[in-house]
Amino acid sequence: MAWLRRNLVVIVGLLVMAYILMPNLVVTMFSFNKPNGRYNYEWTQFSLDAWLNPCASAGLCESLGLSLWVAVVAALVSTVMGTMAAFALGRYRFRGRAATNLLVFFPMATPEVVMGSSLLTLFIAMGIPSGQVTILIAHILFTVSFVVTTVKARVASLDPALEQAAADLYATPSQAFWKVTFPLVAPGIAAGALLAFALSFDDYIVTNFNAGATTVTFPMFVWGAAQRGTPVQINVVGTVMFFGALAIVGFGQLIGARLRIGSRRKEAL
Amino acid sequence: MAALTQAAVGAEAPVSRPRRRGGLVPLVLLAPALLWLVVFFVVPTISLASQSLQTGDIDNGFTLTWNFAVYAEAMARYWPQFLRSMVYAASATLGTLVLGYPLAWFIAHRSGRWKNVLLVLVVAPFFTNFLIRTLAWQIILTDNGPVTGFFRATGLTAVLQAMGLTDNDSLLGSQFAVICGLVYNFLPFMVLPLYTILERLDVRLLDAAGDLYANGWQTFWRVIWPLSLPGVVSGTLLTFIPAAGDYINSRLLGNTQTVMIGQVIDAQFLRVLDYPIAAALSFILMAAIIVLVAGYVRAAGTEELV
Amino acid sequence: MATTRATPGDLKLVQLTRNFEDFVAVAGIDLVVPGGSFFALLGPSGCGKTTTLRMVAGLEEPTSGQILLGADDITGTRAYQRKVNTVFQSYALFPHLSVLDNVGFGLRQRKMGDWRRRAMEALELVKLADRAKQRPRQLSGGMQQRVALARAIVNEPDVLLLDEPLGALDLKLRREMQIELKRIQQEVGITFIHVTHDQEEAMTMADTVAVMRAGRLEQVGAPADLYDHPATTFVANFLGQSNLLPLEGFSDPGGEFVTAHAHGIGLVVERAQLPAGMVVTTQVAAVDSAVHLGIRPEKLRILGPNDPPSANRLGGLVTDASFNGVATTYLVSMPWGQELTVTRPNDGSPRAHRGDEVTLGWDPNQAFVLAEAD
């Protein structure tokens, strides 16, 4: 009993971890299933069919390609715009700064269904046909605020003495920016870009309002598939995304550890 | 007064945050993002308000008639779904807090390597499309699955039924499943801000509280909880706002009795094509969230969210 | 490394002023820092010393006034155009660059082809050549401080500015660095301007100390001068401790000494100790109540029965005695209620105890007179 009390947090923590990871285990497991019929809900038999023929499900690979393209473009545009805005908000004082901060905050506080529908009313009113362009406009809109917030935090945490030190050491303002400020803010920009990519790639609700009838992103494909029967290939994609993310992060940490060990070894020598 | 304090501080200690006047530079830097936000966020919001006050239909077009009655009509027809959305979102927020707090604490107090592994494991699922993961919940909660079997065997199903969270002895297609899905979906948005705060918490404070005669529970309520409030506030906002507008979970895990307001807006806009009602509902949802959030932030006394 | 260079020109500040909105941080100071000297700007926090330093560095623009380096007016130039370098309070080492790249930063900005060799030489000067490849955060606070110093010195500036550079170090390391800084300054012959709020640090290191208070210069001089002849009560109290006796008047018997009257007791003061220009009449003359006689605690003696007679004698009661090894500090209560602080070295002489009646004495040339409406 005393043991239980002492380790309560650990036990609850591990149970919640299990709760978080369970769906991914199920997704992985069912990517090796060979279902009877169109729905992949019950385990029947082990099979590598879906892994060997990932594009066999009609439209899946096309939608995946479209989602990747949209996510890359949206992330790129919103990272450039968001980083510029983050520097303006993080380093300068000017009239309307508080209002601008609020305007940046609002899209993050707006439910997706509201954002999607209001954009749709605009596009209808202006007579803009739904399609890739409207999807991109929407995705840049809801990712740019996240980029601004992420980069702004990094800019604000920067020690202003560093830039002054650069000026003191004969760097002109633009040299100080590119040699000192930018390299130090870069991790924040990378994090913002990654976040923008992930948000765009994953979005269904806003996209659904602004995609029109014929443009199908990957989340829309999954949604459509869920109504008609779920192809196993969806699970293959889900599994690849999960383990891909783990691998990228793990690889990054490994490199980080290598660098640390390397420099420690040099220190010892 | 504030200017004076800043000047006094700036006079000696190097200013912690340079607030320089840059003339046109900040405006040039802001221009693209600001333009985008105004054209595609502010204007659409006005367009939404305007749409809600128009009358007409999709074939003959809409005209602005300042028909405020549409708001009363929208609420009269859809208040149950509206209220349900708020209740589900609030329950889900409470659920993420109750589950997320111990997890955040657990992660924050592991040693360096484990901390990183656990954080990655919390975030990594979210690189898998959330529709796929929500569909996985259909499999997990399926009628002849082990989870449903466990709930039935331990009498938990009966408890849920008594609480009105399920209609029969299945788990799928119930309020329980919808809230479960919402909690699952937004858990990381609660865990990450909490983790950030709890990781920075000085553990010596716990020793100090113990030294001053506080037991574990008192230490939590009087020291840890108040210090973690900023994390709690941002976590609850990050959960509540998207949960209130979500309809994926209620569509995939619920039944016709669990319809949320987002589902109604989606249907009115994209299938019924009754734009004024749909726009009015969107507007009400946004206004309700702004009012709730503003009141909550004021009550919590933290305004440093922006 | 810079042993052959000519002594740099003097740094002159002319009516230098800086306002922040309606707050005056620096109120028109005039100052000459001789080339090649080790100069300290001393003052409590908020006195404007860092703002002055930042104006010299070019990081802060003066509201009015001029800054001259040698014959050149550098007031309008930007930080990166000045042959002035700074060791920042927080060191401000670039975290993304190695120690060598940090030190070489300024040289590379000025396109010095042999920056690598010069940077290594500077690192050798601060005894950190073996750390060149590491990142700043892998070094201890004291090492980071030395990297910051090397990064500034390697540029061979005309003036090196040090903004509370030892503030973050512990006491022992601070002592070591004080000696180290002085050694390096003598070796390179660059003008050092050292901003600090630590009076001991300023006196230990600098040839000349300028005391600042509320945006103005209070007094400028050699450390011993400032200590023994403070011009104001502020300086008297900021540089070490002082016992200040309020005076009722003076009488002048003529000759080498005058007599000051405090609480009805006549105290003998050497005429040379009077502030310049102070006129003392031959009669007992009432003076402004803001005239004080100041005596440093270590200059007060506790008179024993066998001691030679002292020109000045004050009787009192020991209310506290604290021993710290090197010395004992006593609080001695005077009949009029004032407590005087007395510091006696641990030189084997008998120690007094709490409750003892003692007589204090001092030499007429060991007290100073402050005439100032405070």
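The legends below describe close-up views of a predicted model.

**View 1. The open sheet of chain C has five strands.** The strands follow the order β17-β21-β18-β19-β20 in chain C, and their pairing is antiparallel. At the edges lie β17 (301-302) and β20 (339-345) of chain C, each of which pairs on one side only. In general, strands of a sheet pair through backbone hydrogen bonds, either parallel or antiparallel.

**View 2. Strand β17 of chain C pairs with strand β21 of chain C.** β17(C) and β21(C), the latter made of residues 357-361, run antiparallel and are joined by two bridges. C:I302 has C:L360 in β21(C) as its bridge partner.

**View 3. C:L303 sits in a loop of chain C.** This loop is the one between β17 and β18 (314-323) of chain C. C:L303 has 19 C-beta neighbours inside 10 Å and therefore counts as partly exposed; a buried residue would need 20 or more. Leaving out residues up to four places away in sequence, C:L303 touches C:S310, C:T359, C:L360 and C:G361. C:L303 and C:L314 are separated by 11 residues in sequence, and their C-alpha atoms are 9.8 Å apart in space.

**View 4. Domain 1 and domain 2 of chain C touch each other.** Domain 1 covers residues 11-238 of chain C, and domain 2 covers residues 243-371. The C-alpha centres of these two domains of chain C are 39 Å apart. Contact between them involves six residues of domain 1 of chain C and five residues of domain 2 of chain C. On the domain 1 side of this contact in chain C, two residues are nonpolar, three are polar and one is charged.

**View 5. Chain C is in contact with chain A.** On one side there are 20 residues of chain C, and on the other 18 residues of chain A. Within chain C, β6 (84-87) and α2 (99-109) each supply at least two residues of the side that touches chain A. The largest share of that side of chain C, three residues, comes from α2(C). Sorted by type, the residues of chain C on this side are nine nonpolar, nine polar and two charged.

**View 6. Helices α4 and α11 of chain A cross.** The axes of α4 (residues 60-91) and α11 (residues 218-228) of chain A come within 7 Å and cross at roughly 145 degrees. From α4(A), the residues A:L60, A:S63, A:L64 and A:S67 meet A:F218, A:M220 and A:F221 of α11(A). Five residues of this contact between α4(A) and α11(A) are nonpolar, two are polar and none is charged.

Notes: Residues numbered from 1 in each chain as written. Chains lettered and ligands numbered in written order. Predicted model: local features only at pLDDT ≥ 70, side-chain atom pairs only at ≥ 80, totals over all residues. Pairing = 2+ DSSP bridges. Helix = DSSP H or I, 4+ residues; strand = E, 2+ residues; numbered from the N terminus. Domains from an automatic or database assignment. Contact = placed C-beta atoms within 7 Å. Nonpolar A, V, L, I, M, F, W, Y, C, P; charged D, E, K, R; others polar. Axes fitted to C-alpha atoms, helices over the stretch in contact; angles between N-to-C directions. Buried ≥ 20, exposed ≤ 12 C-beta atoms within 10 Å, placed from the backbone.
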